[in-house]
Amino acid sequence: DMFGAPLPTFNVRGEESVRTYTGGFVSIIIIYVAFLFASLKLQHLISKHNPSVNIFKEEDAFDADDVWSGDGQDFFMAFAVADFVTGELKNDPRFVKYNAEYIHRVDGNNTLS
């Protein structure tokens, strides 16, 4: 019975929730409908029924005016790869490869430093 109501701070004949025939019947109906829906979706997946692939590609999302340059400003940037839970830095060369480039423009020509 998915609808059994919990009792406040006591129990009835050792049970911590009250179950009814109506709640049990509705629970069985819900489980049956969920199983039927899942089996139909699995059948559609296996038989590749009505496949559709949607693609959206936005090119040139930024105009030439949207370019930002850190030249002439005290701009510093730092980043690290860290474990989400422990915060431990992950500097394992098997999994992390750092690559940093600095491009400097002199007289309209880009040079890689």
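Which residues gather in a patch of negative charge on the surface? The legends below, which describe a predicted model, take up this question and then turn to other views.

**Figure 1. Overview of the chain in the predicted model.** The secondary structure comprises 1 helix and 4 strands. Followed along the sequence, these elements are arranged in the pattern β-β-α-β-β. The chain has 113 residues, of which 4% are buried. Of the contacts between residues at least 6 apart in sequence, 12% link residues that are at least 24 apart.

**Figure 2. Close-up of a patch of negative charge on the surface.** The residues that gather here are D60, D63, D65 and D66. One of them, D60, belongs to the loop that runs between helix 1 (21–47) and strand 3 (103–106). D60 is classed as exposed because its relative accessibility is 71%, above the cut-off of 50%.

Figure 3. The backbone of K48 is shown here for its phi angle, which is positive, at about 55°, although K48 is not a glycine. Is K48 buried or exposed? With a relative accessible area of 66%, K48 is exposed, since the cut-off for that class is over 50%.

**Figure 4. Close-up of a nonpolar patch on the surface.** The patch is formed by F25, V26, I29, I30, Y32, V33, L36 and L40. Together these residues have about 720 Å² of accessible area. Among them, V26 is located in helix 1. V26 counts as partly exposed because its relative accessibility is 32%, a value that lies between the limits of 20% for buried and 50% for exposed residues.

Definitions and conventions:
Residues are numbered from 1 along each chain as its sequence is written. This is a predicted model: local features need pLDDT of at least 70, side-chain atom pairs count only at pLDDT 80 or more; totals for chains, interfaces and linings use all residues. Side-chain values use heavy atoms; hydrogens and water are left out. Patches are made of residues with over 30% relative accessible area and no salt bridge: like charges are joined within 9 Å, nonpolar side chains (Val, Leu, Ile, Met, Phe, Trp, Tyr) within 5 Å. Accessible areas come from the Shrake-Rupley method with a 1.4 Å probe; for residues, only the protein chains shown count as cover. A salt bridge is a side-chain nitrogen of Lys or Arg within 4 Å of a carboxyl oxygen of Asp or Glu. Lys and Arg count as positive and Asp and Glu as negative; His and the chain ends are not counted. The place of a charge is taken as NZ of Lys, CZ of Arg, CG of Asp or CD of Glu. Helices (H or I, at least four residues) and strands (E, at least two) are DSSP runs, numbered from the N terminus. Buried means under 20% relative accessible area, exposed over 50%, partly exposed in between (1.4 Å probe, protein chains only). Contact means heavy atoms within 4.5 Å.
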